Amino acid sequence: MILNTSKMKEGRHAYTFFGDRTPWVMDCVKEALGEVFRPGEESKVCFRFDLIKSCENITMDGVMKLVLHPECLRCLCVFETPLSLPVKTHLIPASEESEEGAVGELELEAGDVEFCFYRHHEIDLKKILREEMLLNIPDRFLCHLECKGLCPQCGANMNTDSCQCRSPAKDARFAPLEKLKLKS
Ligand SMILES: [Zn+2]
Ligand SMILES: [Zn+2]
């Protein structure tokens, strides 16, 4: 999906793409997330952003919203979770000769601000979205912050099941200490 900016006026321009009507957005989701995204949830995918044009520099400020079905790191259950990923970058026009030098200069000045180059007034929305998703997707998911995980002995899900492996008198808050002892 290439957006041509040659006729874009200065200022802010809003864009919205819905997953169920936009195949290239869904291609990005599949490429970046794989099976964590469940087919059939396309209608809950929304990519919304503003482009703010100032001379030839364009700031992209947006959010990708979707619903995922990841596996919990601790209890291994698959759960549904909404996610909002920021999509923010600065787009700078590249000229053939100056690109190399400009990268160095901008990296020094810009610090951790993200930016990328565009050429011939063309912005590759699909490429930007895919890269931003890969950058901002959490590398692990918990079904909830207090997830108790699985019993290390019998594998029971400690959120929903009780097993006989631990005596009920033990305080769950000391569980991390017990693990330390086991390791040594
Ligand atoms: Zn869990
Ligand atoms: Zn157990």
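This is a predicted model: local features need pLDDT of at least 70, side-chain atom pairs count only at pLDDT 80 or more; totals for chains, interfaces and linings use all residues.
**Overall layout**

The protein chain contains four helices and seven strands. Read from the N terminus, the order of elements is β-β-α-β-β-β-α-β-β-α-α. The chain has 184 residues, of which 16% count as buried. Among contacts between residues at least 6 apart in sequence, 63% join residues at least 24 apart.

**The sheet**

Five strands form an open sheet in the order β2-β3-β4-β5-β6, and the pairing is mixed. β2 and β6 (115-118) stand at the edges with a single partner strand each, so one side of each has no neighbour in the sheet. On average, neighbouring strands are turned by 25 degrees against each other, direction ignored. Helix α3 packs on this sheet and touches β3, β4, β5 and β6; the direction of α3 makes about 125 degrees with that of β5.

Strands of a sheet pair through backbone hydrogen bonds, in either the parallel or the antiparallel sense.

| Strand pair | Sense | Bridges |
|---|---|---|
| β3 and β4 | antiparallel | nine bridges |
| β4 and β5 | antiparallel | eleven bridges |

Asp50 stands opposite Asp61 in β4, and the partner of Arg48 in β4 is Val63. On the β5 side, Ile58 has Leu91 as its bridge partner. β3 and β4 form a hairpin with two residues between them, and Cys55 in the turn has a positive phi of about 55 degrees.

In β4, the covered face consists of Ile58, Met60, Gly62, Met64, Leu66 and Leu68. The uncovered face of β4 consists of Asn57, Thr59, Asp61, Val63, Lys65 and Val67.

The largest nonpolar core has 21 residues, and those that touch the most other members are Val25, Cys28, Val29, Met60, Met64, Leu66 and Leu129. Two or more residues of this core come from each of α1, β3, β4, β5 (81-93) and α3. The greatest contribution is that of β4, with five residues. Which residues are in contact with Met64, leaving aside its neighbours within four places in sequence? They are Phe47, Leu85, Val87, Leu129 and Met133.

**The N-terminal strand**

Strand β1 comprises residues 2-4 and includes Asn4. Is Asn4 buried or exposed? Asn4 counts as exposed because it has 10 C-beta neighbours inside 10 Å, and the cut-off for this class is 12 or fewer. Although Asn4 and His120 are 116 residues apart along the chain, their C-alpha atoms are separated by 8.3 Å. Beyond its neighbours within four places in sequence, Asn4 is in contact with His121 and Glu122.

How values were computed:
Residues are numbered from 1 along each chain as its sequence is written. Chains are lettered from A and ligands numbered from 1 in the order in which they are written. A nonpolar core is a set of buried Ala, Val, Leu, Ile, Met, Phe, Trp, Tyr and Cys residues joined through C-beta atoms within 7 Å. A residue is buried if 20 or more other C-beta atoms lie within 10 Å of its own, exposed if 12 or fewer, and partly exposed in between; C-beta atoms are placed from the backbone. Two residues are in contact if their C-beta atoms, placed from the backbone, lie within 7 Å. Two strands pair if DSSP finds at least two bridges between them. Axes are lines fitted to C-alpha atoms, for helices over the stretch in contact, and angles run from 0 to 180 degrees between N-to-C directions.
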